[in-house]
Amino acid sequence: MAQPLLQVRDVSLTFGGRRPVEALRGVSLSLETGAFVSIVGPSGSGKSTLFNVIAGIIPPTSGEVLVDGESDPDRRRMRCSYMFQKDLLFPWRSVVDNAALGLEVSGACTKREARERARALLPRFGLAGFEASRPSELSGGMRQRVALLRTLLLGRPLLLLDEPFASLDALTRRDLQQWLRATWRTGSEAALLVTHDVREAVRLSDRVYVLSPRPGRIEAEIEVPRGAEGRLDTLQSARCEQEVLAALRIEEAAL
Amino acid sequence: MRGETEARTPALGGRGREGGASAAPRLSRIGSWSVAAAASALPPAMLLAALFAAWEAYVQVSGISPVTLPAPSRVAEVAYGNRGVLWGHSVVTVKEALIGLAVSLAVGVAFALLIDAFAPARRALYPLLVGSQTVPIVVIAPLLILWFGFELTPKVVVVTLYTFFPVTVAFASGLAATDAEALVLMRTLGAGRLRTLRLLRIPQALPYLFTGLRIAVTYAIVGAVFAEWSGATKGLGVYVLLMKNSFRTDLVFAGIFLIALLSLLLFLLVGLAEKLVVRWR
């Protein structure tokens with residue numbers, strides 16, 4: 001196997017202040033090109049914090065993060081595209097202008113080119129005919145698709161997904177999960193998803209890491225066996241879910 | 001750039017639930033807004049009519065002297081008779097108010113950006129700005145006349161003193177209210193401070209700026225009138241003062257109503273401008 005796209009080595013993070021909070025303790029994980037990996041953990045297990053460390057927004061107290069072989073936070077940031085739980089679409093921009101925001105800001109191309117490239121992908125993202133609409137005119141699922149388009153258009157190798165479907169209803173969420181599984185490789189080479197939805201993690205991933213409650217540690221690492229074209233049979237999927245749940249429950253019992 | 005996408009209608013108007021949101025509703029927005037505005041203007045108009053009726057009845061029944069309290073019908077009559085004169089004075093006052101507001105907008109936005117950008121500026125400037133609001137303008141206005149003469153400048157200064165503060169405070173708090181996650185988003189996209197300001201923070205602070213402007217306009221005409229009162233050759237302030245001195249209470253009332261009406265119109269104008277600029281609300 002080639003060098004992993006993402007390597008997190010023994011990362012610990014303690015937030016300072018009068019009452020220091022230990023958020024992460026000795027977290028190590030890796031992500032190879034082409035893989036979709038999830039991190040599952042209860043609320044407050046430092047999942048989002050870990051993302052901010054990986055994306056070079058928060059420096060870790062100790063340990064090392066390499067993205068594409070780069071450890072410098074600024075360079076790392078330019079290799080990660082980050083999608084949030086909130087769609088964070090700008091209400092004063094049209095759909096196409098929101099989708100083009102990332103490209104426009106990164107300065108990789110002109111504003112016009114950015115908009116052209118966003119427009120070309122709208123049909124794939126189920127947004128054909130909505131390019132001039134305002135975000136307020138879209139449903140929650142469509143808004144998240146615009147946000148994902150904004151993220152993927154950057155063409156950065158590592159896709160970070162921070163509970164992107166948490167605010168959607170169950171049906172829309174299921175719909176978008178399947179769609180994401182088919183779409184995420186347009187633009188990115190590997191994806192890391194943070195979620196507290198065990199089923200979502202198993203359904204989407206090749207591998208699931210279980211994070212413990214604060215301070216976050218990697219509690220378990222579960223491979224999801226996939227067949228041809230990434231297919232996953234029901235039995236296997238149920239077994240994986242059981243494993244993840246077991247890892248989570250053991251943690252609960254230990255409390 | 002925004003205008004370009006605005007003008008384009010979506011290719012598929014009728015697609016899906018949300019597909020109906022095309023150019024048509026956007027064009028009619030101002031129309032439906034004016035209908036809503038007319039509907040909301042009805043109750044206050046009725047209350048005002050009732051007050052005028054009571055006033056009229058009191059004057060007719062009591063036989064009070066028109067120098068003490070003229071009937072509204074008489075005020076309307078003399079206002080109409082003096083419309084040319086009133087118009088001439090109004091133009092002067094409105095001009096002073098608008099120039100003062102424009103200066104306030106520029107000064108307020110500049111102060112807000114300064115306060116936002118540099119913590120030392122916030123610490124140094126904010127107390128002074130608050131202090132400037134406690135200075136009694138009654139005392140300053142004659143001095144301004146002394147320094148700048150009877151022409152436009154002292155009026156603009158007074159209007160600006162009255163109105164820059166709400167603009168500054170509102171815009172500064174708008175800039176401070178930027179969504180923290182949106183800021184992280186801009187960082188992950190690789191945006192620097194200026195880009196973040198231009199693409200995210202200023203647009204999202206615009207509704208706040210308009211709130212400040214709404215407050216500011218209600219002071220603008222009154223500020224101009226007050227400045228004229230302290231010394232001027234033309235304008236509603238001098239006019240009201242002159243009419244008071246010649247015991248034309250009816251024309252004083254005509255001036256007062258005109259001042260209120262002009263303030264109201266300016267207020268509505270800001271509302272309309274907000275509808276045009278902040279279209280996403």
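User: What makes the crossing of H10(B) and H11(B) left-handed?

Analyst: A crossing is left-handed if the near helix is turned anticlockwise from the far one by less than a right angle, and right-handed if clockwise; H10(B) passes H11(B) in the left-handed way. Do keep in mind that this is a predicted model, where local features need pLDDT of at least 70, side-chain atom pairs count only at pLDDT 80 or more, and totals for chains, interfaces and linings use all residues. Residues are numbered from 1 along each chain as its sequence is written, while chains are lettered from A and ligands numbered from 1 in the order in which they are written.

User: Why are H10(B) and H11(B) called roughly antiparallel?

Analyst: The axes of H10 (residues 236-245) and H11 (residues 249-277) of chain B come within 8 Å and cross at roughly 160°. Angles over 145 degrees count as roughly antiparallel (under 35 roughly parallel, 65 to 115 roughly perpendicular, the rest oblique), and therefore this pair is roughly antiparallel.

User: Which residues of H10(B) make the contact?

Analyst: They are B:Leu236, B:Tyr239, B:Val240, B:Met243 and B:Lys244. Contact asks for C-beta atoms, placed from the backbone, within 7 Å. On the H11(B) side, the partners include B:Leu251, B:Gly255 and B:Ile259.

User: And where do the domains of chain A lie?

Analyst: The domain assignment gives domain 1 (6-79 + 158-254) and domain 2 (91-155). Their centres, taken over C-alpha atoms, are 25 Å apart. Twelve residues from domain 1 and eight residues from domain 2 form the contact.

Terms used:
Axes are lines fitted to C-alpha atoms, for helices over the stretch in contact, and angles run from 0 to 180 degrees between N-to-C directions. Helices (H or I, at least four residues) and strands (E, at least two) are DSSP runs, numbered from the N terminus. Two residues are in contact if their C-beta atoms, placed from the backbone, lie within 7 Å. Domain bounds come from an automatic or database domain assignment.
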